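Hi everyone, thanks for coming. Let me put the structure up, and then I'll walk you through the whole chain before we stop at one residue.

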Amino acid sequence: MPTDGKIETYGSGIAIDLKGKVALVTGSSSGLGMEIAKYLAKAGAKVAIHYHSEKQPADALADDINKNGGKAAVFGGDVSKLNEVTSIFNSIDSQLGPIDILVNNAGIDGKRELCGDDNPADWERVISINLLGPYYCSREAVKRMKKKGSGVIVNITSVHEFLPWSGYTAYCSAKAGLSMFTKTLAQEVSDFGIRVVSLAPGAIKTPINKDVWGNPETYKDLLTKIAMPRMGETSDVAKAVAFLVSDMSSYVTGTTLVVDGGMLLYPAFKHGG
Ligand code: NAD
């Protein structure tokens with residue numbers, strides 16, 4: 001049916017199209033970041049693959065994308081160091097062009113330590129990587145996106161922006177802090193065509209939690225904490241990121257999309273009680 005002079009075709013599918021966009025995914029040499037980078041490249045974005053210490057998998061991913069019709073380049077650096085973040089963004093400007101999409105994915109969960117028995121240096125490290133890192137990257141991104149009058153920032157938080165987790169006060173504080181950073185920044189940049197959102201994964205099978213899913217006892221216990229009968233796959237998160245950075249979510253800003261298979265649904269109540 002013609003609308004506004006345009007001919008609409010029904011039944012041809014609705015695609016996520018990121019052609020012409022430049023995207024940076026921090027920590028994309030492994031786990032969630034690697035899968036997110038692949039999905040954004042599949043959707044047509046030029047992707048800046050970022051690594052901290054493992055260059056080889058980042059190079060392999062970029063080669064795969066470049067050999068198969070996409071465009072990617074590799075950039076190294078520590079997101080907790082302001083000068084390294086600045087130089088990553090300057091290098092991306094010259095090799096791919098200023099970014100349209102930033103996915104703040106790099107993060108660590110840190111050691112399990114109870115407050116008081118812990119080492120403050122470990123706390124500071126988690127906060128530096130998980131909270132200061134996204135802030136440093138976002139401020140560089142915002143400078144560029146304001147000039148373009150558009151852009152999207154996705155902050156990968158965690159169900160632990162909501163759920164306390166004994167032994168991980170630094171991780172939970174960083175992720176809850178990042179969630180409020182998302183909301184406040186979204187408000188600040190809303191007049192510039194820039195959206196800022198958080199994505200909170202539940203338990204997704206990656207190297208970060210191999211100690212849990214690699215052991216049958218702890219894996220069984222983990223499943224009791226998820227309403228759906230499985231751990232998440234990296235693609236579960238990557239698909240949701242592709243939606244959030246595309247025009248399919250053009251009116252979504254300053255909020256968190258939870259991708260957790262129902263971990264926040266109090267699964268212990270699933271069978272009554
Ligand atoms: P991962 O260990 O595979 O990935 C973490 C990435 O962060 C790595 O590529 C690593 O190199 C990078 N990184 C670490 N320190 C860095 C630093 N100083 N500078 C730059 N990069 C650094 O684990 P993942 O599960 O893919 O984690 C990705 C993100 O997802 C993290 O922010 C994590 O907190 C979050 N998350 C993961 C899960 C899960 O179940 N896997 C759940 C909730 C949230």
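Quick word on terms: helices (H or I, at least four residues) and strands (E, at least two) are DSSP runs, numbered from the N terminus. By that count, the chain has eight helices and seven strands. Its radius of gyration, taken over C-alpha atoms, is 19 Å, close to the 19 Å that the globule rule gives for 273 residues, so the chain is as compact as a globular protein of that length. That rule is 2.2 Å times the number of residues to the power 0.38.

Before I go on: this is a predicted model, where local features need pLDDT of at least 70 and side-chain atom pairs count only at pLDDT 80 or more, while totals for chains, interfaces and linings use all residues. Residues are numbered from 1 along each chain as its sequence is written, and side-chain values use heavy atoms, with hydrogens and water left out.

Now, aspartate 260. You'll find it in the segment after strand 7 (256-259). Is aspartate 260 buried or exposed? Buried, because its relative accessibility is 13%, and the cut-off is under 20% relative accessible area with a 1.4 Å probe, protein chains only.

So what does aspartate 260 touch? Leaving out residues up to four places away in sequence, the contacts (heavy atoms within 4.5 Å) are Val159, Gly202 and Ile226. Its side chain also reaches two backbone nitrogens: methionine 263's at 2.9 Å and leucine 264's at 2.8 Å.

Definitions and conventions
Buried < 20%, exposed > 50% of the residue type's maximum accessible area, 1.4 Å probe, protein only. Polar contact = N/O pair within 3.5 Å; in protein donor to acceptor, adjacent residues only side chain to side chain.
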